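Below is a short report on one chain. Look at the sequence and the fold, then read on.

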Amino acid sequence: MATRLSDLFSNSRLVIGLFANLLSSICIVFLNKWIYVHYGFPNMTLTLIHFVVTWLGLWVCQRMDIFAPKSLQPTKIIWLALSFCGFVAFTNLSLQNNTIGTYQLAKAMTTPVIIVIQTMYYKKTFSTKIKLTLVPITLGVILNSYFDVRFNLLGIVFATLGVFVTSLYQVWVGAKQHELQVNSMQLLYYQAPMSSAFLLTLVPFFEPLSGEGGIFGPWSFPALAMVTLSGLIAFLVNLSIYWIIGNTSAVTYNMFGHFKFCITLIGGYVLFQDPLSLNQGVGILCTLTGILSYTHFKLAEQEEGKSRELEVPGQTEKGRVVT
């Protein structure tokens, strides 16, 4: 296990990408929490601002020749852009119509749904060991949220749609990079403005445009400064998400997402004195066990795959021809 983890850390680009996503994700969670608690800034509008700032950041990057935009047909990424809007809308509706525990439990179902989608529609195979790592992770989420799980029909509908659309979105983020032969920056450069335009049409149905709590409301300078800072951090979050999925897989990104959830719970306990019960502590340990097991088995499978690639047809081993 230790050898496998050292192999992981030897891949410096992957480690940097994961670390950048970890730091930026944790920062944005606590910063957004601060914005919601102290200023009451609308959630979906904040997401819209995040994607607008992401596109502006990518525009600056391409002007600085950090990457070269690739011409893409809008029809090739329109479903990706729409799935992002569906992910934002249904996730918000799920949060509004469910308890936090039910919401978190539904989110945990994203990983198995991704596995089902990739197995059925992309003919990707997952070993039994990889699938079994979902057991301690799901158990960990249940232990963290069972005390707050409540079910109602409308909430279940929105939670189910949210999980399905989120899974599609994450699968397509990786699939489109390979299908269109683009990197994370090139794909996000086209998807961000398209998703922002679609999301702009949804905001009025969920949040006020003017007055108290509206996007054009009387916001103070500190509130706007915090929202701008949140947008800049979101640029790093979005870019690192696309990079991680493009260079690993949607399942690996989800596993990393569970790890971030554990770190966020611990951070909330340390920084904000959020309550953390014994059951939640055990749940965090279960989740981390599942994540470490996934990492171990995934790296083992990658090593096995590399060994097969290095086998040379016709090479003899103890008098036997290796083919």
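## A buried asparagine

Asn238 is buried, at a relative accessible area of 13%. Here buried means under 20% relative accessible area, exposed means over 50%, and partly exposed lies in between (1.4 Å probe, protein chains only). Asn238 sits in helix H11. Helices (H or I, at least four residues) and strands (E, at least two) are DSSP runs, numbered from the N terminus. Not counting residues up to four places away in sequence, Asn238 touches His50, Phe51, Thr54 and Leu188. Contact means heavy atoms within 4.5 Å.

## Basis of the model

This is a predicted model: local features need pLDDT of at least 70, side-chain atom pairs count only at pLDDT 80 or more, and totals for chains, interfaces and linings use all residues. Residues are numbered from 1 along each chain as its sequence is written, and side-chain values use heavy atoms, with hydrogens and water left out.

## Overall fold

The chain has 13 helices and two strands. Its C-alpha trace spans about 85 × 50 × 35 Å along the principal axes.

Of the 323 residues in the chain, 46% are buried. Take the contacts between residues at least 6 apart in sequence: 85% join residues at least 24 apart.

## Surface and charge

The chain exposes about 17200 Å², and carbon and sulfur atoms supply 68% of it. Accessible areas come from the Shrake-Rupley method with a 1.4 Å probe; for residues, only the protein chains shown count as cover.

There are 19 positive and 13 negative charges, and their mean positions are 5 Å apart. Lys and Arg count as positive, Asp and Glu as negative; His and the chain ends are not counted. Each charge is placed at NZ of Lys, CZ of Arg, CG of Asp or CD of Glu.

## Nonpolar cores

The largest nonpolar core has 51 residues. Such a core is a set of buried Ala, Val, Leu, Ile, Met, Phe, Trp, Tyr and Cys residues joined through side-chain atoms within 4.5 Å. The residues with the most contacts inside this core are Leu58, Phe84, Tyr169, Leu187, Leu188, Leu199 and Tyr242. Elements that give two or more residues to the core are H2 (12-39), H3 (43-63), H4 (74-97), H9 (153-179), H10 (184-206), H11 (221-247) and H12 (250-272). H11 gives the largest share, 12 residues.

Leu58 touches Phe67, Met185, Leu188, Tyr189, Phe235 and Leu239, not counting residues up to four places away in sequence. A second, separate core has 14 residues, among them Ile115, Leu168, Met255 and Tyr294.

## Ile245 in H11

Ile245 also lies in helix H11. It counts as buried, at 3% relative accessibility. Leaving aside neighbours within four places in sequence, Ile245 is in contact with Gln170, Val173, Gly174, Ala250 and Tyr253. Ile245 and Ala175 are 70 residues apart in sequence, yet 9.1 Å apart in space, C-alpha to C-alpha.

## Positive phi in two loops

Which residue sits in the loop between H3 and H4? Asp65 does. Its phi is near 60°, a positive value in a residue other than glycine. Asp65 is exposed, with a relative accessible area of 67%.

Gln181 is in the loop between H9 and H10. Its phi is near 55°, again positive in a residue other than glycine. Gln181 is exposed, with a relative accessible area of 59%.
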